[in-house]
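Biologist: Please show me the model, and then let us go through it by question and answer.

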Amino acid sequence: MIGTFGRHLIAVPLLLLAGCSPDVSKPGVSDDLGKLRGIIELQIPAKSVRWETFGTPEYTGGVPGPTFLITLVAELQADKSWFEEQKDPTGSIYIAPESARTWLSEDLRQILDKDRGGKVDLSNKANCRKFTTTLKKTGEPLEGFVCSRADRILLHLTIWSEQ
């Protein structure tokens, strides 16, 4: 049994950890486009979205370890003309190992699964472009990429990195 002093010893490190990374959302998949727009400046004219944020390494239970990266992955139903206006190549980008979320459409999931945990230039491999935006709460710039398949757009953004 943990006494009052022991509880404080556990709570203090947890509070410190909570302050080390931005509050982007509670874990889990969301279809809330408004909530996503409340987290990032989303210039994509989306009709609907499914999205999720997660840490790397991803917490799967037990004692949480240090997180060195927070990623946002989204699949948006959007007007294809917006994507066709995007011209900047992705350049060398890092794809978090956990990015290929099970809820993504198979073709979009394969883009992320193929090069997970590595740096890759998707410009010529998949129909992908560089994507930059800002975090609403702080105005901090964010970088990632978007890929297009029919009327669907895959969005992969690094929300926070310890680097």
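Predicted model: local features only at pLDDT ≥ 70, side-chain atom pairs only at ≥ 80, totals over all residues.

Modeller: Residues are numbered from 1 along each chain as its sequence is written, and side-chain values use heavy atoms, with hydrogens and water left out.

Biologist: In what order do the 5 strands of the open sheet stand?

Modeller: Strands are DSSP runs of E with at least two residues, helices are runs of H or I with at least four, and both are numbered from the N terminus. Two strands pair if DSSP finds at least two bridges between them. The pairing in this open sheet is antiparallel, and the order is β1-β2-β7-β6-β5.

Biologist: Why is one side of β1 and of β5 left without a neighbour in the sheet?

Modeller: Neighbouring strands of the sheet are turned by 25° against each other on average, direction ignored. β1 (46-56) and β5 stand at the edges, so one side of each lacks a neighbour in the sheet: each has a single partner strand.

Biologist: Which residue in β7 stands opposite Glu 75?

Modeller: β2 and β7 pair in the antiparallel sense over 9 bridges. The residue in β7 opposite Glu 75 is Leu 154.

Biologist: What angle does the direction of α4 make with that of β7?

Modeller: Axes are lines fitted to C-alpha atoms, for helices over the stretch in contact, and angles run from 0 to 180 degrees between N-to-C directions. Contact means heavy atoms within 4.5 Å. α4 packs on the sheet, touching β2, β6 and β7, and its direction makes an angle with that of β7 of about 35°.

Biologist: What is the angle between the planes of Trp 82 and Phe 131?

Modeller: Rings of Phe, Tyr and Trp (its six-membered ring) pair if their centres lie within 6.5 Å; planes under 30 degrees apart count as stacked, over 60 as edge-to-face and the rest as tilted. The structure holds 1 aromatic pair. Trp 82 and Phe 131 form this edge-to-face pair, 6.1 Å centre to centre, with an angle between the planes of 65°.

Biologist: Is Ala 150 buried or exposed?

Modeller: Ala 150 is in the loop between β6 and β7. Its phi is positive, about 55°, although Ala 150 is not a glycine. With a relative accessible area of 53%, Ala 150 is exposed.

Biologist: What separates the C-alpha atoms of Arg 37 and Lys 136?

Modeller: Arg 37 is in helix α2 (residues 33-39) and counts as partly exposed at 28% relative accessibility. Leaving aside neighbours within four places in sequence, its contacts are Leu 42, Ile 44, Ala 46 and Lys 136. Arg 37 and Lys 136 are 99 residues apart along the chain, and their C-alpha atoms are separated by 8.2 Å.

Definitions and conventions
Buried < 20%, exposed > 50% of the residue type's maximum accessible area, 1.4 Å probe, protein only.
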